[in-house]
Amino acid sequence: MGRRILNDALRTIVNAEKRGFASAELKPISNVVASFLQIMKYRGYIKDFEVHDPHRVGKITVQLQGRVNDCRALTYRQDIKAQYIESYKTRMLPTRQWGYVVVTTPNGVLDHEEAIRQNVGGQVVGYFY
């Protein structure tokens, strides 16, 4: 379960969206999950999220918006250079118009647009659309 915390959290969000729920509860949590959700909130895919008791096992309550079609976490962290992020995005996402690839960089966890703007590469954590 340790390596799949992000994957389980994202699958819970997708399943709750498909069933039409207004919120989802994620357990256990990590800092990467919180960073991923912060990017999803900034891009308008979720309404809000709240972290409960982050120092123990903790949980996150996510307010859903009905906009997430799919989100996946890569269990293998794939290294990617800044110049290849755009080609990776076109390969993984269904269209050019919507969706984001999330990359962990030395500057923190960023989506692909911010990583290209800052010209930094890193490891691909996952994607959502």
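Which residues are buried in helix 1?

Modeller: This is a predicted model, in which local features need pLDDT of at least 70 and side-chain atom pairs count only at pLDDT 80 or more, while totals for chains, interfaces and linings use all residues. Residues are numbered from 1 along each chain as its sequence is written, and side-chain values use heavy atoms, leaving out hydrogens and water.

In helix 1, the buried residues are Ile5, Leu6, Asn7, Ala9, Leu10, Ile13, Val14, Ala16 and Glu17. Buried means under 20% relative accessible area, with a 1.4 Å probe and protein chains only. Helices (H or I, at least four residues) and strands (E, at least two) are DSSP runs, numbered from the N terminus.

Helix 1 comprises 15 residues, 5-19, and spans 21 Å from its first C-alpha to its last. That is close to the expected 21 Å, which is 1.5 Å times one less than the number of residues. Just after this helix, Gly20 has a positive phi of about 85°.

The cover over the buried residues of helix 1 includes strand 1 (23-26), helix 2, strand 3 (59-64), strand 4 and strand 7; contact here means heavy atoms within 4.5 Å.

Definitions and conventions. Buried means under 20% relative accessible area, exposed over 50%, partly exposed in between (1.4 Å probe, protein chains only).
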